[in-house]
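Dear colleague,

I am handing over the structure we spoke about, with the sequence alongside it.

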Amino acid sequence: MRTAHTTCPLCEATCGLELTIDGDRITAVRGDRLDTFSRGFLCPKGASLGALDADPDRLRTPLVKRNGELAPASWREAFAHVDSRLTAITAEHGRDAVALYLGNPTVHSLAGGLYAPGLRKALGTRNVFTASTVDQMPKHVACGLLFGGIHTIPVPDVDRTDFLLLLGADPFSSNGSLWTVPDAPGRLKALRERGGAFVVVDPRRSRTAAAADQHVPIRPGTDVFLLFALVNELFAADLVDPGHPGEHAVGVDEVRELARPFTPEAVAGRCGVEARVTRDLAHRLAAAPRAAVYGRIGTTTVEFGTVASWLVDVLNVLTGNLDRPGGAMFPLPAHTRRGTGAGKGFTTGRWRSRVRGLPEVAGEFPVATLADEIGTPGPGRVRALITVAGNPALSAPNSDRLDAALAGLDLVVSVDPYLNETTRHADVVLPPPPPGQRAHYDLAFLSFAVRNVAKYSRPAVPLADGALDEGEILLRLTAIAAGLGPDADLDALAGTDPSADLTRDEQLLDARLRKGVHGLSVEELLAHPHGLDLGPLTSRLPEILRTPSGRIELCPRPIADDVPRVLAALAEPRDGLLLVGRRHLRTNNSWLHNVPALVRGRLCTLLVNPADARELGLVDGGTARVTSRVGEVEATVEVSADMAEGVVSLPHGWGHDRPGTRLAVAAAHPGVNVNRLTDDLALDPLSGTAVLNGVRVRVQPATPVTDTAQ
């Protein structure tokens, strides 16, 4: 028996883990009490790491399709097949005939962060799609326009704040999102114990809302109206005091004019929040010595996701809470450098999609149009798809349409450990090793951490015989895409030294660390297995800015141009049932549904308010038929007073009932895929993000309820 320390890669909290290892098997997992960041916190996902590593359904060797069936193959055979097919397709149809899809787990992986950008560049295609446009892209766009960089995203300094306003977020279940905050429950409890408060705005009384000082139910998709009304009230009550961030901002007067029509009374009927509640929130926000506003997926995957995301930080600026302790601050990861206070800024629409003419955003197209690009004939049609750690057959809107389109591709190559709903269409599957056999450093999530920390760990368990490291898989695909063939010299491609003491990944990481603001090295991080605490967040204005003016562009033209659309929607009728998603502590998208301990109990149910259930004739434990413009599902009903009236909820990531998959546990707990109901034509136009929350649906009993009362 031996002990190893690593970082959990299963969500954004980056919790430290202490692993007990017997030979090559993880036998126990506990929270690392000495971890400088998480201090022993552990959720059920992290505790399952050993079971995830040992999952018998996890692929251990590549698969190649022969005579219509996927069969085991050697790595050499698999890469040779990719090389011959991909080269032929690009030679005949051009590079845009190949599409790339990067899934959410890519950013949970050191190899993904190091090598996925090179793969994108080598492919040379404009048809790049990621999970961002079914998740957080509006926040990237809003911050890109405000601050000049899509990753320049402020996070609540929760450990020092006095008041926190959370919209569309459930960090007790998600452990934070675009907000790396291990032990969110403990940190929010500490906030209250020191005399502070937090308020949750959400159509559901989530775990976080239940623990809050105040829960404000809201009609899904209308956070933009509430946020505008808060801005309106700050100006009307003479509560605007930008302070330090105001010295670096332009456009305050323009924001005042945009917010003028959105009085608390004007929005009350539309969003379901009384004017007095809105005014009280604005005054509490302004009066708090230190405060922050945070919005997440309930404010991004909606019709006005970018405008809502922008307003979150407008509030932080107008109250003087941006870039100050206890407010919304910019982390400084060890692998990055300070800026110069100006840059090229951020724009979208440098090119447009072939079929629907949708603008490029951050170098990619909305995944909602991937089926269009595959299924519509003509020059530039997508004929091949490479997926890396993604399951768009479940996660994309109108997923039945995309699932059917995937079956018609000439080539699908998937870097994935499972034969799931997407990879069942693959011609080649290249499985990366399990988490316990990977090195770990969070290139992405340390940019959103509530404290500046740095942690690196080598694989806890040696790479299995015959397995390839994830970095080598991605590099070999990069070499093939670049025309160098499957046997290219990978160190030459990566610019690394094969004779060095550090691995290829470590050499690349070490170079970033040494050039970073703290001048660290991989050796230093290896000497501190519980992580290095680099201190609390500090002020970064104006050097963090990347706008050409060197100022916070508080009223960007693309945002201002979209506000008339918001104002027009204010008058729309408030009727019909709306569908929203939700997150469970034990799940993260579709990743973890093949681990028995994580799928126990009733997880994939249709939550319905008791009053709605009575009106619709639904009973707890019964079955409801849910219908939208694009599809229909039948789901088990769970009657719950936690849901607001007029709103129903299904969790995302389920629907494991497709033939051709090899997920025994998930198939035994299939649930239903909520994205059979979401609409691929409904997008936030500024970011291309799908409207996954606030979907209009009809709900009725799947079978008539019989009254057996005597």
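Predicted model: local features only at pLDDT ≥ 70, side-chain atom pairs only at ≥ 80, totals over all residues.

A search of the whole structure turns up seven aromatic pairs. In one of them, F147 and F330 have ring centres 5.3 Å apart and planes at 85°, and because planes over 60 degrees apart count as edge-to-face, that is how this pair is classed. The pair connects distant parts of the chain, since F147 belongs to helix 5 (residues 137–147) while F330 sits in the loop between strand 14 (328–329) and helix 16 (370–375), 183 residues apart. F147 is buried, with a relative accessible area of 0%, and F330 is buried too, at 2%.

A pair with another geometry is made by F228 and F262, which are stacked, with 4.3 Å from centre to centre and 5° between the planes. Here again distant parts of the chain are linked, as F228 lies in helix 9 (residues 223–236) and F262 in the loop between helix 11 (252–259) and helix 12 (264–271), 34 residues apart. Both F228 and F262 are buried, and together with W310 they form one aromatic cluster. Elsewhere, R58 lies over the face of Y418, at 5.9 Å from the ring centre.

The largest nonpolar core has 146 residues, of which F228, W310, L430 and Y441 touch the most other members. Helix 9 supplies the largest share of this core, ten residues. If neighbours within four places in sequence are set aside, W310 is in contact with A142, L146, F228, V255, L258, L554, P556 and I559. There is also a second, separate core of 31 residues, which includes A99, L358, V382 and L692.

Turning to the strands, you will find an open sheet of three strands in the order 1-2-3, with antiparallel pairing. Its edge strands are strand 1 (2–7) and strand 3 (25–31), each of which pairs on one side only, and neighbouring strands of the sheet are turned by 30° against each other on average, direction ignored. Strand 2 (residues 16–22) and strand 3 run antiparallel and are joined by six bridges, and D22 stands opposite R25 in strand 3.

Strand 21 (residues 577–580) is covered on both faces, with L577 and L579 buried on one side and L578 and V580 buried on the other. Three bridges join strand 21 to strand 28 (residues 695–701), and these two run antiparallel; the bridge partner of L577 in strand 28 is V697. Three bridges also join strand 21 to strand 25 (residues 647–649), but here the strands run parallel, and L578 stands opposite V647 in strand 25.

Finally, a word on the cysteine. C271 is found in helix 12 and is buried, with a relative accessible area of 0%. Not counting residues up to four places away in sequence, C271 touches I218, R219, T222 and L226. The C-alpha atoms of C271 and L17, 254 residues apart along the chain, are separated by 42 Å.

With best wishes

Technical notes. Residues numbered from 1 in each chain as written. Heavy atoms only, no water. Phe/Tyr/Trp six-rings, centres within 6.5 Å; stacked < 30°, edge-to-face > 60°. Helix = DSSP H or I, 4+ residues; strand = E, 2+ residues; numbered from the N terminus. Buried < 20%, exposed > 50% of the residue type's maximum accessible area, 1.4 Å probe, protein only. Lys NZ or Arg CZ within 6 Å of the ring centre and 35° of its normal. Core = buried A, V, L, I, M, F, W, Y, C linked by side-chain atoms within 4.5 Å. Contact = heavy atoms within 4.5 Å. Pairing = 2+ DSSP bridges. Axes fitted to C-alpha atoms, helices over the stretch in contact; angles between N-to-C directions.
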